[in-house]
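Take a walk through a protein chain, one stop at a time. Keep the structure open beside the text.

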Amino acid sequence: MEKMIIRNAVIHDAVNEKPYLGDILIEDGKLVSVGGNADADGDCAVIDASGLRAYPGFVDAHSHIGLDSYGGPTANTYDFNEMNDICCPQLRGMDSYFPLDAAIPMALEGGVTTVATGPGSANVLGGTFLAVKLYGNTVEEAVVKPEVAMKCAFGENPKRCYKDKCDSARMTTAAKLREALFEAREYMARKEAAGDDVSKMPKFDMKLEAMIPVMKREMPLKAHAHRSDDIMTAIRIAKEFDLRVTIEHCTDGHLIAKELKEAGVPVAVGPTLTNASKPEVLNRSWTTPGILADEGLQVSIITDAPVIPQQYLPLCAGLAVKAGMDPFKALQAITINPAKHIGIEDRVGSLEPGKDADIVLTDGDPLVSDTVVKYVIVDGKVLVKN
(Lines give C-alpha, C1' and ligand atoms only; values in the text may rest on other atoms or scores of the structure.)
Protein backbone atom coordinates (compact mmCIF):
# COMPACT_ATOMS: atom_id res chain seq x y z
CA MET A 1 0.00 0.00 0.00
CA GLU A 2 1.47 3.35 -1.09
CA LYS A 3 0.94 6.14 1.42
CA MET A 4 1.66 9.86 1.38
CA ILE A 5 1.00 12.69 3.82
CA ILE A 6 0.91 16.34 2.84
CA ARG A 7 1.50 18.19 6.10
CA ASN A 8 0.53 21.68 7.22
CA ALA A 9 -1.15 22.85 4.01
CA VAL A 10 -3.74 25.61 3.80
CA ILE A 11 -6.51 23.54 2.26
CA HIS A 12 -8.91 24.98 -0.32
CA ASP A 13 -11.14 21.97 -0.92
CA ALA A 14 -13.60 23.63 -3.38
CA VAL A 15 -16.50 22.62 -1.12
CA ASN A 16 -16.02 24.83 1.95
CA GLU A 17 -15.56 28.49 1.14
CA LYS A 18 -13.20 29.11 4.05
CA PRO A 19 -9.77 27.44 3.80
CA TYR A 20 -8.33 25.57 6.77
CA LEU A 21 -4.95 24.32 7.95
CA GLY A 22 -4.32 20.59 8.07
CA ASP A 23 -2.86 17.41 6.65
CA ILE A 24 -3.93 15.32 3.67
CA LEU A 25 -3.53 11.55 3.84
CA ILE A 26 -3.31 9.57 0.60
CA GLU A 27 -3.41 5.79 0.23
CA ASP A 28 -3.18 3.95 -3.08
CA GLY A 29 -4.02 7.05 -5.07
CA LYS A 30 -7.12 8.00 -3.06
CA LEU A 31 -7.80 10.70 -0.47
CA VAL A 32 -8.25 9.08 2.93
CA SER A 33 -8.48 12.17 5.13
CA VAL A 34 -8.45 15.91 4.46
CA GLY A 35 -7.70 18.27 7.35
CA GLY A 36 -6.73 17.60 10.94
CA ASN A 37 -3.56 15.72 11.87
CA ALA A 38 -2.84 12.57 9.90
CA ASP A 39 -0.92 9.60 11.28
CA ALA A 40 1.04 7.10 9.20
CA ASP A 41 3.88 4.64 9.60
CA GLY A 42 7.52 5.18 8.73
CA ASP A 43 7.09 3.96 5.14
CA CYS A 44 4.85 6.91 4.34
CA ALA A 45 6.17 9.61 1.98
CA VAL A 46 5.82 13.11 3.45
CA ILE A 47 5.55 16.49 1.75
CA ASP A 48 6.00 19.47 4.05
CA ALA A 49 3.51 21.98 2.68
CA SER A 50 4.12 24.66 5.31
CA GLY A 51 3.40 28.00 3.68
CA LEU A 52 1.71 26.34 0.68
CA ARG A 53 -1.90 26.08 -0.39
CA ALA A 54 -3.57 22.83 -1.47
CA TYR A 55 -6.23 22.78 -4.19
CA PRO A 56 -7.99 20.05 -6.14
CA GLY A 57 -6.42 19.36 -9.52
CA PHE A 58 -7.97 21.81 -11.97
CA VAL A 59 -10.58 20.46 -14.39
CA ASP A 60 -11.51 21.75 -17.84
CA ALA A 61 -14.94 20.70 -19.11
CA HIS A 62 -14.24 21.59 -22.76
CA SER A 63 -10.91 21.06 -24.47
CA HIS A 64 -9.50 19.55 -27.64
CA ILE A 65 -6.12 18.68 -26.18
CA GLY A 66 -4.73 15.44 -27.58
CA LEU A 67 -6.90 15.72 -30.71
CA ASP A 68 -5.97 19.19 -31.97
CA SER A 69 -2.29 18.63 -31.23
CA TYR A 70 0.33 21.16 -30.17
CA GLY A 71 2.03 22.53 -33.25
CA GLY A 72 -1.06 22.27 -35.44
CA PRO A 73 -1.84 19.84 -38.27
CA THR A 74 1.80 19.45 -39.30
CA ALA A 75 2.83 18.26 -35.82
CA ASN A 76 0.77 15.09 -35.97
CA THR A 77 -2.53 14.94 -37.81
CA TYR A 78 -5.82 16.83 -38.04
CA ASP A 79 -7.88 14.56 -35.83
CA PHE A 80 -10.63 16.56 -34.17
CA ASN A 81 -13.15 17.22 -36.95
CA GLU A 82 -14.57 14.89 -39.59
CA MET A 83 -14.98 17.05 -42.70
CA ASN A 84 -16.83 14.61 -44.95
CA ASP A 85 -20.06 14.05 -43.01
CA ILE A 86 -22.04 16.75 -41.22
CA CYS A 87 -23.71 14.19 -38.93
CA CYS A 88 -21.36 11.59 -37.41
CA PRO A 89 -22.40 10.73 -33.84
CA GLN A 90 -20.76 7.30 -34.15
CA LEU A 91 -17.29 8.86 -33.84
CA ARG A 92 -15.53 8.64 -30.46
CA GLY A 93 -12.97 11.17 -29.31
CA MET A 94 -11.23 8.29 -27.56
CA ASP A 95 -10.17 6.95 -30.95
CA SER A 96 -8.35 10.17 -31.86
CA TYR A 97 -6.81 11.05 -28.49
CA PHE A 98 -2.99 11.29 -28.61
CA PRO A 99 -1.66 11.01 -25.04
CA LEU A 100 1.84 12.14 -26.04
CA ASP A 101 0.62 15.53 -27.26
CA ALA A 102 3.33 18.05 -26.27
CA ALA A 103 0.65 20.28 -24.72
CA ILE A 104 -0.11 17.75 -21.98
CA PRO A 105 3.00 18.24 -19.78
CA MET A 106 2.58 22.02 -20.13
CA ALA A 107 -1.01 21.70 -18.92
CA LEU A 108 0.16 19.71 -15.90
CA GLU A 109 2.69 22.43 -15.07
CA GLY A 110 -0.27 24.79 -14.79
CA GLY A 111 -2.09 22.48 -12.38
CA VAL A 112 -4.64 21.12 -14.87
CA THR A 113 -5.04 17.42 -14.15
CA THR A 114 -8.32 16.36 -15.81
CA VAL A 115 -10.08 17.47 -18.99
CA ALA A 116 -12.99 16.55 -21.18
CA THR A 117 -11.66 16.50 -24.72
CA GLY A 118 -13.18 15.51 -28.02
CA PRO A 119 -14.39 16.55 -31.47
CA GLY A 120 -14.59 20.14 -32.62
CA SER A 121 -17.61 22.02 -33.89
CA ALA A 122 -17.60 21.48 -37.64
CA ASN A 123 -20.48 19.02 -37.50
CA VAL A 124 -24.09 19.17 -36.39
CA LEU A 125 -23.29 15.94 -34.54
CA GLY A 126 -19.56 15.35 -34.18
CA GLY A 127 -19.13 12.38 -31.82
CA THR A 128 -18.40 11.83 -28.16
CA PHE A 129 -16.08 13.56 -25.73
CA LEU A 130 -14.04 11.57 -23.21
CA ALA A 131 -12.63 12.53 -19.79
CA VAL A 132 -8.91 11.94 -19.25
CA LYS A 133 -6.21 12.49 -16.67
CA LEU A 134 -3.30 14.34 -18.26
CA TYR A 135 -0.68 11.64 -18.02
CA GLY A 136 0.11 8.22 -19.44
CA ASN A 137 1.44 6.72 -22.65
CA THR A 138 -1.90 5.33 -23.86
CA VAL A 139 -5.47 6.53 -23.85
CA GLU A 140 -6.37 3.43 -21.84
CA GLU A 141 -4.06 4.64 -19.07
CA ALA A 142 -5.36 8.21 -19.18
CA VAL A 143 -9.11 7.69 -19.55
CA VAL A 144 -11.46 8.40 -16.65
CA LYS A 145 -14.69 7.96 -18.62
CA PRO A 146 -14.71 6.95 -22.30
CA GLU A 147 -17.87 8.84 -23.26
CA VAL A 148 -19.10 11.82 -21.26
CA ALA A 149 -21.18 13.74 -23.81
CA MET A 150 -22.32 13.85 -27.44
CA LYS A 151 -21.01 16.92 -29.24
CA CYS A 152 -23.41 18.96 -31.31
CA ALA A 153 -22.93 22.42 -32.78
CA PHE A 154 -24.97 25.45 -33.72
CA GLY A 155 -24.06 28.78 -35.29
CA GLU A 156 -21.36 29.67 -37.77
CA ASN A 157 -19.12 26.59 -37.73
CA PRO A 158 -21.39 23.96 -39.36
CA LYS A 159 -22.56 26.61 -41.84
CA ARG A 160 -18.99 27.53 -42.76
CA CYS A 161 -17.69 23.98 -43.03
CA TYR A 162 -20.63 22.63 -45.06
CA LYS A 163 -21.92 25.73 -46.88
CA ASP A 164 -21.24 24.24 -50.32
CA LYS A 165 -22.54 20.79 -49.40
CA CYS A 166 -25.65 20.76 -47.25
CA ASP A 167 -25.87 23.58 -44.66
CA SER A 168 -25.94 27.33 -45.15
CA ALA A 169 -28.44 28.54 -42.55
CA ARG A 170 -29.11 28.16 -38.83
CA MET A 171 -32.51 26.64 -39.51
CA THR A 172 -30.83 23.95 -41.61
CA THR A 173 -28.53 23.05 -38.73
CA ALA A 174 -31.50 22.77 -36.38
CA ALA A 175 -33.46 20.70 -38.89
CA LYS A 176 -30.59 18.25 -39.37
CA LEU A 177 -30.27 17.78 -35.62
CA ARG A 178 -34.01 17.23 -35.27
CA GLU A 179 -33.97 14.72 -38.11
CA ALA A 180 -31.21 12.73 -36.39
CA LEU A 181 -33.11 12.80 -33.09
CA PHE A 182 -36.40 11.71 -34.67
CA GLU A 183 -34.64 8.82 -36.41
CA ALA A 184 -32.83 7.81 -33.21
CA ARG A 185 -36.07 7.84 -31.23
CA GLU A 186 -37.85 5.66 -33.81
CA TYR A 187 -34.86 3.29 -34.06
CA MET A 188 -34.73 2.90 -30.29
CA ALA A 189 -38.48 2.27 -30.11
CA ARG A 190 -38.24 -0.44 -32.78
CA LYS A 191 -35.40 -2.14 -30.91
CA GLU A 192 -37.34 -2.08 -27.66
CA ALA A 193 -40.48 -3.40 -29.34
CA ALA A 194 -38.51 -6.27 -30.92
CA GLY A 195 -37.27 -7.43 -27.54
CA ASP A 196 -35.39 -10.71 -27.95
CA ASP A 197 -36.87 -11.40 -31.40
CA VAL A 198 -33.92 -10.80 -33.73
CA SER A 199 -36.14 -11.11 -36.80
CA LYS A 200 -38.03 -7.97 -35.77
CA MET A 201 -34.94 -5.89 -35.02
CA PRO A 202 -34.36 -2.84 -37.25
CA LYS A 203 -31.34 -3.01 -39.54
CA PHE A 204 -28.23 -2.09 -37.55
CA ASP A 205 -27.31 1.59 -37.88
CA MET A 206 -24.12 2.68 -36.14
CA LYS A 207 -25.08 6.37 -36.11
CA LEU A 208 -28.42 5.69 -34.47
CA GLU A 209 -26.89 3.22 -32.01
CA ALA A 210 -24.55 6.01 -30.88
CA MET A 211 -27.53 8.25 -30.17
CA ILE A 212 -29.34 5.81 -27.87
CA PRO A 213 -27.51 6.94 -24.67
CA VAL A 214 -28.51 10.52 -25.53
CA MET A 215 -32.14 9.56 -26.06
CA LYS A 216 -32.14 7.67 -22.74
CA ARG A 217 -30.70 10.72 -20.95
CA GLU A 218 -27.63 8.71 -20.00
CA MET A 219 -25.44 11.20 -21.83
CA PRO A 220 -26.02 14.92 -22.47
CA LEU A 221 -25.79 16.79 -25.72
CA LYS A 222 -22.73 19.03 -25.47
CA ALA A 223 -24.09 21.97 -27.43
CA HIS A 224 -21.61 24.40 -28.99
CA ALA A 225 -23.56 27.67 -28.91
CA HIS A 226 -22.17 31.20 -28.70
CA ARG A 227 -24.99 33.53 -29.75
CA SER A 228 -28.16 33.94 -27.70
CA ASP A 229 -30.44 32.56 -30.42
CA ASP A 230 -28.24 29.49 -30.83
CA ILE A 231 -28.28 28.91 -27.07
CA MET A 232 -32.06 29.09 -27.00
CA THR A 233 -32.35 26.76 -30.01
CA ALA A 234 -30.22 24.18 -28.18
CA ILE A 235 -32.46 24.45 -25.12
CA ARG A 236 -35.64 24.34 -27.22
CA ILE A 237 -34.61 21.16 -29.06
CA ALA A 238 -33.49 19.50 -25.82
CA LYS A 239 -36.94 20.21 -24.34
CA GLU A 240 -38.71 18.90 -27.44
CA PHE A 241 -36.97 15.53 -27.12
CA ASP A 242 -36.63 15.49 -23.31
CA LEU A 243 -32.82 15.40 -23.47
CA ARG A 244 -30.08 16.53 -21.13
CA VAL A 245 -28.01 19.36 -22.55
CA THR A 246 -25.02 21.46 -21.54
CA ILE A 247 -24.29 24.82 -23.13
CA GLU A 248 -20.71 25.17 -24.34
CA HIS A 249 -19.06 28.60 -24.89
CA CYS A 250 -22.18 30.58 -23.94
CA THR A 251 -20.67 33.86 -25.13
CA ASP A 252 -24.02 35.68 -24.99
CA GLY A 253 -25.00 34.05 -21.70
CA HIS A 254 -25.02 37.31 -19.75
CA LEU A 255 -27.63 38.68 -22.18
CA ILE A 256 -30.08 35.85 -21.41
CA ALA A 257 -29.10 35.04 -17.83
CA LYS A 258 -32.68 34.80 -16.58
CA GLU A 259 -33.68 32.47 -19.41
CA LEU A 260 -30.69 30.25 -18.68
CA LYS A 261 -31.60 30.19 -15.00
CA GLU A 262 -35.15 29.16 -15.87
CA ALA A 263 -33.83 26.39 -18.15
CA GLY A 264 -31.49 25.20 -15.38
CA VAL A 265 -28.78 24.03 -17.77
CA PRO A 266 -25.08 23.71 -16.88
CA VAL A 267 -22.96 26.27 -18.76
CA ALA A 268 -19.30 26.24 -19.78
CA VAL A 269 -18.06 29.75 -20.56
CA GLY A 270 -15.14 30.47 -22.86
CA PRO A 271 -12.75 30.76 -24.55
CA THR A 272 -12.59 34.43 -23.60
CA LEU A 273 -8.84 35.14 -23.76
CA THR A 274 -8.99 35.48 -27.55
CA ASN A 275 -9.82 37.86 -30.34
CA ALA A 276 -13.46 38.15 -31.45
CA SER A 277 -12.72 36.06 -34.53
CA LYS A 278 -16.31 35.79 -35.84
CA PRO A 279 -19.51 37.81 -35.56
CA GLU A 280 -21.21 35.48 -33.08
CA VAL A 281 -18.64 36.26 -30.37
CA LEU A 282 -18.86 40.07 -30.50
CA ASN A 283 -20.43 40.14 -27.01
CA ARG A 284 -17.59 38.16 -25.43
CA SER A 285 -16.91 39.43 -21.90
CA TRP A 286 -15.06 38.36 -18.76
CA THR A 287 -18.15 39.39 -16.80
CA THR A 288 -20.21 36.50 -18.25
CA PRO A 289 -19.20 33.69 -15.83
CA GLY A 290 -19.72 35.92 -12.79
CA ILE A 291 -23.13 37.13 -13.92
CA LEU A 292 -24.30 33.56 -14.58
CA ALA A 293 -22.88 32.29 -11.29
CA ASP A 294 -24.71 35.06 -9.44
CA GLU A 295 -27.92 33.84 -11.10
CA GLY A 296 -27.33 30.49 -9.46
CA LEU A 297 -26.24 28.55 -12.53
CA GLN A 298 -23.60 25.83 -12.46
CA VAL A 299 -20.77 27.64 -14.25
CA SER A 300 -17.56 26.18 -15.60
CA ILE A 301 -14.78 28.25 -17.13
CA ILE A 302 -13.14 26.63 -20.17
CA THR A 303 -10.14 27.20 -22.43
CA ASP A 304 -11.33 25.33 -25.54
CA ALA A 305 -7.64 24.37 -25.74
CA PRO A 306 -5.66 24.89 -27.86
CA VAL A 307 -7.68 28.06 -28.57
CA ILE A 308 -6.32 29.11 -25.18
CA PRO A 309 -3.36 26.99 -24.05
CA GLN A 310 -4.58 24.46 -21.52
CA GLN A 311 -2.23 25.62 -18.75
CA TYR A 312 -3.92 29.04 -18.65
CA LEU A 313 -7.20 27.68 -17.25
CA PRO A 314 -6.56 29.16 -13.76
CA LEU A 315 -5.52 32.45 -15.35
CA CYS A 316 -8.90 32.58 -17.12
CA ALA A 317 -10.61 32.12 -13.76
CA GLY A 318 -8.46 34.93 -12.37
CA LEU A 319 -9.51 37.28 -15.16
CA ALA A 320 -13.15 36.47 -14.40
CA VAL A 321 -12.47 37.46 -10.78
CA LYS A 322 -10.89 40.70 -11.96
CA ALA A 323 -14.13 41.37 -13.87
CA GLY A 324 -16.23 40.89 -10.73
CA MET A 325 -16.72 37.14 -10.23
CA ASP A 326 -16.69 35.90 -6.65
CA PRO A 327 -13.26 34.23 -6.08
CA PHE A 328 -14.70 31.07 -4.53
CA LYS A 329 -17.19 30.66 -7.37
CA ALA A 330 -14.32 31.15 -9.81
CA LEU A 331 -12.35 28.39 -8.06
CA GLN A 332 -15.38 26.11 -8.27
CA ALA A 333 -15.66 26.97 -11.97
CA ILE A 334 -12.34 25.18 -12.62
CA THR A 335 -12.75 22.36 -10.09
CA ILE A 336 -16.02 20.86 -8.86
CA ASN A 337 -18.36 22.50 -11.40
CA PRO A 338 -16.59 21.14 -14.50
CA ALA A 339 -16.34 17.76 -12.76
CA LYS A 340 -20.15 17.83 -12.40
CA HIS A 341 -20.52 19.18 -15.94
CA ILE A 342 -18.85 16.07 -17.37
CA GLY A 343 -20.26 13.63 -14.82
CA ILE A 344 -17.12 12.61 -12.93
CA GLU A 345 -17.61 14.54 -9.68
CA ASP A 346 -17.46 11.28 -7.74
CA ARG A 347 -13.75 11.10 -8.59
CA VAL A 348 -12.35 14.61 -9.11
CA GLY A 349 -13.05 18.31 -8.57
CA SER A 350 -12.75 18.62 -4.79
CA LEU A 351 -10.57 17.47 -1.91
CA GLU A 352 -12.83 14.98 -0.10
CA PRO A 353 -12.16 11.50 1.31
CA GLY A 354 -12.72 8.76 -1.24
CA LYS A 355 -11.90 10.85 -4.28
CA ASP A 356 -8.83 10.55 -6.49
CA ALA A 357 -5.73 12.14 -4.96
CA ASP A 358 -5.37 14.92 -7.54
CA ILE A 359 -3.81 17.86 -5.72
CA VAL A 360 -2.11 21.12 -6.68
CA LEU A 361 0.20 22.81 -4.16
CA THR A 362 0.95 26.47 -4.81
CA ASP A 363 2.82 29.29 -3.07
CA GLY A 364 -0.16 31.64 -3.41
CA ASP A 365 -3.50 32.15 -5.11
CA PRO A 366 -3.41 30.12 -8.36
CA LEU A 367 -5.79 32.61 -9.98
CA VAL A 368 -3.02 35.25 -9.77
CA SER A 369 -0.42 35.18 -12.53
CA ASP A 370 2.74 35.34 -10.40
CA THR A 371 1.81 32.33 -8.24
CA VAL A 372 4.09 29.31 -8.64
CA VAL A 373 2.75 25.78 -8.86
CA LYS A 374 5.09 23.83 -6.58
CA TYR A 375 3.63 20.31 -6.81
CA VAL A 376 1.09 18.58 -9.01
CA ILE A 377 -0.06 15.20 -7.74
CA VAL A 378 -2.30 12.95 -9.84
CA ASP A 379 -3.69 9.68 -8.48
CA GLY A 380 -1.31 10.02 -5.56
CA LYS A 381 1.80 10.35 -7.76
CA VAL A 382 3.97 13.49 -7.87
CA LEU A 383 4.12 14.45 -11.56
CA VAL A 384 5.37 18.04 -11.16
CA LYS A 385 7.77 19.39 -8.58
CA ASN A 386 9.18 22.94 -8.79
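What follows is a tour of a few helices, strands and loops. Keep in mind that the model is predicted.

Start with a strand. Ile24 sits in strand E2, which covers residues 20-27. Its relative accessibility is 0%, so Ile24 counts as buried. What does Ile24 touch, leaving out residues up to four places away in sequence? The list includes Met4, Ile5, Ile6 and Ile11. Leu31, Ser33, Val34 and Ala54 are on it as well. Leu351 and Ile359 complete the list. Now look at Thr172. Ile24 and Thr172 are 148 residues apart in sequence. In space, their C-alpha atoms are 53 Å apart.

Stay by E2 for a moment. The loop between E2 and strand E3 (30-34) holds Asp28. The phi of Asp28 is positive, near 50°, and Asp28 is not a glycine. Most residues other than glycine have a negative phi.

Next, turn to a pair of helices. H4 spans residues 170-194, and H6 spans residues 228-240. Their axes come within 11 Å and cross at roughly 20°. Angles under 35 degrees count as roughly parallel, so H4 and H6 are roughly parallel to each other. The crossing of the two helices is right-handed.

Which residues make this contact? H4 brings Arg170, Ala174, Leu177, Arg178, Leu181 and Arg185. H6 brings Asp229, Asp230, Thr233, Arg236, Ile237 and Glu240. Sorted by class, the contact of H4 with H6 has seven charged, four nonpolar and one polar residue. An α-helix has 3.6 residues a turn, so residues three or four places apart point the same way.

Move on to helix H9, residues 313-322. Which of its residues are buried? They are Leu313, Pro314, Cys316, Ala317, Gly318 and Ala320. Two are helices, H8 (288-294) and H10 (327-332). The others are the strands E6 (58-63), E7 (112-117) and E13 (299-301). Just after H9 comes Gly324, with a positive phi of about 120°.

A disulfide is a covalent bond between the sulfur atoms of two cysteines. How many disulfides does the structure hold? The count is zero. Cys316 is in no disulfide, and the nearest cysteine sulfur, that of Cys250, is 16 Å away. The relative accessible area of Cys316 is 1%, so Cys316 is buried. Cys44 has a relative accessibility of 10%, so Cys44 counts as buried too.

Now for the loops. The loop between E13 and H9 holds Asp304 and Pro306. Asp304 has a positive phi of about 60°, although it is not a glycine. Is Asp304 buried or exposed? Asp304 counts as buried, because its relative accessibility is 10% and the cut-off for buried is under 20%.

A few steps along, a cis peptide bond joins Ala305 and Pro306, with omega about 10°. Most peptide bonds are trans. Where is another cis bond? Go to Gly270 and Pro271: the peptide bond from one to the other is cis, with omega near 0°. Pro271 lies in the loop between strand E12 (267-269) and H8.

That ends the tour. Go back to Ile24 in E2, and trace the stops again on the structure.

Terms used
Residues are numbered from 1 along each chain as its sequence is written. This is a predicted model: local features need pLDDT of at least 70, side-chain atom pairs count only at pLDDT 80 or more; totals for chains, interfaces and linings use all residues. Side-chain values use heavy atoms; hydrogens and water are left out. Axes are lines fitted to C-alpha atoms, for helices over the stretch in contact, and angles run from 0 to 180 degrees between N-to-C directions. Helices (H or I, at least four residues) and strands (E, at least two) are DSSP runs, numbered from the N terminus. Angles under 35 degrees count as roughly parallel, over 145 as roughly antiparallel, 65 to 115 as roughly perpendicular and the rest as oblique. A crossing is left-handed if the near helix is turned anticlockwise from the far one by less than a right angle, and right-handed if clockwise. Contact means heavy atoms within 4.5 Å. Ala, Val, Leu, Ile, Met, Phe, Trp, Tyr, Cys and Pro count as nonpolar, Asp, Glu, Lys and Arg as charged, and the others, Gly among them, as polar. Buried means under 20% relative accessible area, exposed over 50%, partly exposed in between (1.4 Å probe, protein chains only). A disulfide is a pair of cysteine sulfur atoms within 2.5 Å.
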